[in-house]
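Welcome! Have a look at the structure below, and then let this briefing walk you through its chains, the place where they meet and a few single residues.

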Amino acid sequence: KTENVSNMHKENTGDAPSAHTPRVRHHRKRNTDVVAGAGKPNGSHLLVNDSSKYKSFLVRAYSTVWMIGGFALIVYLGHLYITAMVVVIQIFMARELFNLLRKTHEDKQLPGFRLLNWHFFFTAMLFVYGRILSQRLVNTVTPDKVLYRLVTSLIKYHMAICYSLYISGFVWFILTLKKKMYKYQFSQYAWTHMILIVVFTQSSFTVANIFEGIFWLLFLLPASLIVINDIFAYICGFFFGRTPLIKLSPKKTWEGFIGASITTMISAFLLADIMGRFLWLTCPREDLSTGWLQCDPGPLFKQETHALPGWISNWLPWKEIYVLPVQWHALCLGLFASIIAPFGGFFASGFKRAFKVKDFGDSIPGHGGITDRMDCQMVMAVFAYIYHQSFVVPESLSVDKLLDQIITNLTLEEQQALFMKLGQVLQEKVIGS
Amino acid sequence: AMEKDLNQNSPRIRKIRDNSYPPNTPTSRMNNNNQRDNHPNSPRDYNYSPSSPTARLRWRNRSNEIPAEVKRGNASNVRNLLLGDKNKYRSMWIRTCSSLWMLGGVFFIIYMGHLYIWAMVVGIQIFMAKELFFLLRRAHEERRLPGFRLLNWHFFFTAMLFVYGRILQQQLVNTVSSDRFIYKLVSGLIKYQMVICYFLYIAGFMWFILTLKKKMYKYQFGQYAWTHMILIVVFTQSSFTVANIFEGIFWFLLPAALIAMNDVAAYFFGFYFGKTPLIKLSPKKTWEGFIGASVATTISAFLFANVLGQFQWLTCPRKDLSTGWLHCDPGPLFRPEYYPLPTWIASFSPWKAISILPVQWHAFSLGLFASVIAPFGGFFASGFKRAFKIKDFGDSIPGHGGFTDRMDCQMVMAIFAYIYIQSFIVHQDYSVEMILDHISRSLGHEEQKMLYAKLGDILRHKLQGGF
């Protein structure tokens, strides 16, 4: 009972972003809306029986609306701004996670250790974005001669540069090992690596998704599906939630889960139809410019007509439905988003329980830190990229690798010469056969 | 923490506690003397059977050469150096024996070929992973979590599929290009390789979450993170090693030989000249050993490269997974260039000009890295063992510890070698004809058309952007 009372007290006053020090909170209830009515042992964790949930609902709704609004604005502005947003989110996530298991006592004895974290962060950023954006970077700086040479050589020696940076961090780490603090330092080192892997895997896949191709299918749609899944799970649990889903997250319910799954899949199907009609969202971006895009979207966006089976068409005015093939892909994405992506959330919950942390941070009122919001997004971004590579665009890796080699190693004149010669060779083959 | 689950009163444990670091006080030094007189080498060999988990609890004196300096017992610096060690000859003999065996085994495998070397790397990897998985596992918690070891191996299998699928893609396709059905199967597998690996990983991830048990969350998350770190460490270096192998055995053999050479030379220089300690982490390393080994390694890199570069078996890349002999044009790096000696040398030596393979200059930088930076891999491993209070990663190799102990410097070197090769060696000689030739050789007709179309798009885009 005292725990419940202290919950209420903390959630009503202590979640303002100014309360920074109690970041390690010791009670396990995850979020602001789980305030148990005193004296109800079993149903105490479910939202249905919650009396002050409406207030926390308002706080959450308010910050949700702001986030969605900001997101929509950035999407409108374009690919480059979205990448910038992803980078900023990444920096905040890394900062939250770096701070999480740091112990201030040991840290005072190790000056410059935090700097090492950021050194590795910078190296990872250079490596990841260098690889992904190298092609686009080369395409952007073609006109200017000197810059072109500089950029191509940077790209050619990109791996060597990143490796030297990493090794210097590694050597620095070893030279600063202090007696009696070995274990702390090694744990921090491992922790830094794990954080950087988690943060950069998902953001690199996200950025690759943004530039790679069907922008909305790879980036907007998965992100929206996760948000929709979250919101509908909350709403369905709010109204119908009775059976707990998993011990890790006591406020999730089976009703919420299933309701959200169905809603997510339906909305995936419909959203794909709506979004597919905008060229701005569909064309791949070949360079780092910010202008409008024109392209031929390809066969995925040509409407196919499916005749409805007789028994449905008897009662509906429509005889057939128009379906873009891309909508079936969206359905798969929706399925994944509702069934498997929540496991990212369970992982984060389990992690917080294991290390007795209430939230990863407190940047967003009502929601916790940025990592709390991004936990499911991470799993989804990776899946969207892999799905796209494997099922949507049948590309051959060797062609891309060769193309990369050609672009980075030959000058423009040589590329044109190659192009003409290749054309001749292909013509000969066609004529010959 | 590791002593928690042991019976504190057993005589074996008492011995460990008596002998534990730091042996600075006179009483503990005496105890060390007593113990060491009876068991001149690592007590690990004589007091415990290697299979019992208690044998893993070793105190910090790293390996065999340390024991008897304790007898001299004055300055703590000198005590740790090899110079005054009576029993070091015996430990050197054991180390030499096992080194020779390992060396012989490696030569044999190299003779057999690329595929067998790959198999050897995979075998070493499995042993390393096994050692490391075992290391921070606590027997007590393990009993309450059935199937957790299986999860580790599931992730290991997934990583193996992912890494080798990517690296050996081209080779695999080239091997099966004869048979239509298998070709389709293999190229289908390759195309969906990422999806398959991803789903295997996600299955492991979900399995992990569903088996989280209350009150064991912290242990389980720790194990999960530990598994990932182990797999990253083990697979990064082995994947780069395998990529190097198929580029040419030379690129695998030379870095590995340099590391071994550096180790052996450091040992011998320290043995005879070692006085000034190098770093607090590894008290038996000395500046004399370090510098002597650096010089020896860079010189021998230069010479090894000349010797090894003359064998086509070692310098030709392997394009598929066959095991036969290789013939190829090794490229300009391996064609000897002749430099006439300056006249004052030429007058008294029989040779008028020396022939140098251009690859020897590259070998020089590899040697430099192997002697200056790669030892930090060893320091890292030493620091790690001190931090977690373990003596060795395992005990598979007598006199040397486990596989991870041998591979710690190799790991850093393998990654450097791969990156060096990709940046500075491969693709040095690009020309339009070469690429055209490459295209017609490795791409099918459909793919060539795709390449043509894409190249056309890019060039058109560039030309438009320039106006």
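Chain B exposes about 23,100 Å², and carbon and sulfur atoms supply 66% of that area; accessible areas here come from the Shrake-Rupley method with a 1.4 Å probe, and for residues only the protein chains shown count as cover. The model is a predicted one, so local features need pLDDT of at least 70 and side-chain atom pairs count only at pLDDT 80 or more, while totals for chains, interfaces and linings use all residues. Residues are numbered from 1 along each chain as its sequence is written, chains are lettered from A and ligands numbered from 1 in the order in which they are written, and side-chain values use heavy atoms, leaving out hydrogens and water.

**The two chains**

- Chain B holds 21 helices and four strands. Helices (H or I, at least four residues) and strands (E, at least two) are DSSP runs, numbered from the N terminus.
- In chain B, which has 467 residues, 49% are buried. Buried means under 20% relative accessible area, exposed means over 50%, and partly exposed lies in between (1.4 Å probe, protein chains only).
- Take the contacts in chain B between residues at least 6 apart in sequence: 71% of them join residues at least 24 apart. A contact means heavy atoms within 4.5 Å.
- Turning to chain A, you will find 17 helices and four strands.
- Chain A has 433 residues, and 52% of them count as buried.
- For chain A, 73% of the contacts with a separation of 6 or more come from residues 24 or more positions apart.
- The accessible surface of chain A is about 21,100 Å², and 68% of it belongs to carbon and sulfur atoms.

**Where the chains meet**

- The size of an interface is often given as the accessible area lost when the parts come together.
- How much area do chain A and chain B bury between them? The value is about 7,000 Å², with 81% of it on carbon and sulfur atoms. Buried area is the accessible area (1.4 Å probe) that two parts lose on being put together, summed over both.
- On the chain A side, Tyr163(A), Phe347(A) and Phe419(A) lose the most area to chain B, together 9% of what that side buries.
- The contact involves 72 residues from chain A and 69 residues from chain B.
- How many salt bridges does the rule find across the interface of chain A and chain B? It finds zero, where a salt bridge is a side-chain nitrogen of Lys or Arg within 4 Å of a carboxyl oxygen of Asp or Glu.
- Three residue pairs are in polar contact across the interface of chain A and chain B, both residues at pLDDT 80 or more. A polar contact is a pair of N or O atoms within 3.5 Å; within protein, one must be able to donate a hydrogen and the other to accept it, and residues adjacent in sequence count only if both atoms are side-chain atoms.
- Among the elements of chain A that give two or more residues to the side touching chain B are helix 5 (113-140), helix 7 (158-175) and helix 17 (412-432).
- Helix 17 of chain A provides the largest share of that side, 12 residues.
- The side of chain A that touches chain B is made up of 49 nonpolar, 14 polar and nine charged residues. Ala, Val, Leu, Ile, Met, Phe, Trp, Tyr, Cys and Pro count as nonpolar, Asp, Glu, Lys and Arg as charged, and the others, Gly among them, as polar.

**Two lysines in loops**

- Lys180(A) sits in the loop between helix 7 and helix 8 of chain A. Its phi is near 75 degrees, a positive value in a residue other than glycine.
- Is Lys180(A) buried or exposed? Lys180(A) is exposed, at a relative accessible area of 80%.
- Lys215(B) belongs to the loop between helix 11 (193-210) and helix 12 (217-247) of chain B. Phi of Lys215(B) is near 70 degrees, again a positive value in a residue other than glycine.
- With 75% relative accessibility, Lys215(B) counts as exposed.

- Ser249(A) lies in strand 2 (residues 249-253) and is buried, at a relative accessible area of 6%. Leaving aside residues up to four places away in sequence, Ser249(A) touches Phe346(A) and Ser349(A).
- Gly130(A) is part of helix 5 and counts as partly exposed at 23% relative accessibility.
- Gly130(A) and His158(A) are 28 residues apart in sequence, and their C-alpha atoms are 7.2 Å apart in space.
- Ile68(A) is in helix 2 (residues 53-77) and is partly exposed, with a relative accessible area of 44%.
- From Ile68(A) to Phe113(A) there are 45 residues in sequence and 37 Å in space, C-alpha to C-alpha.
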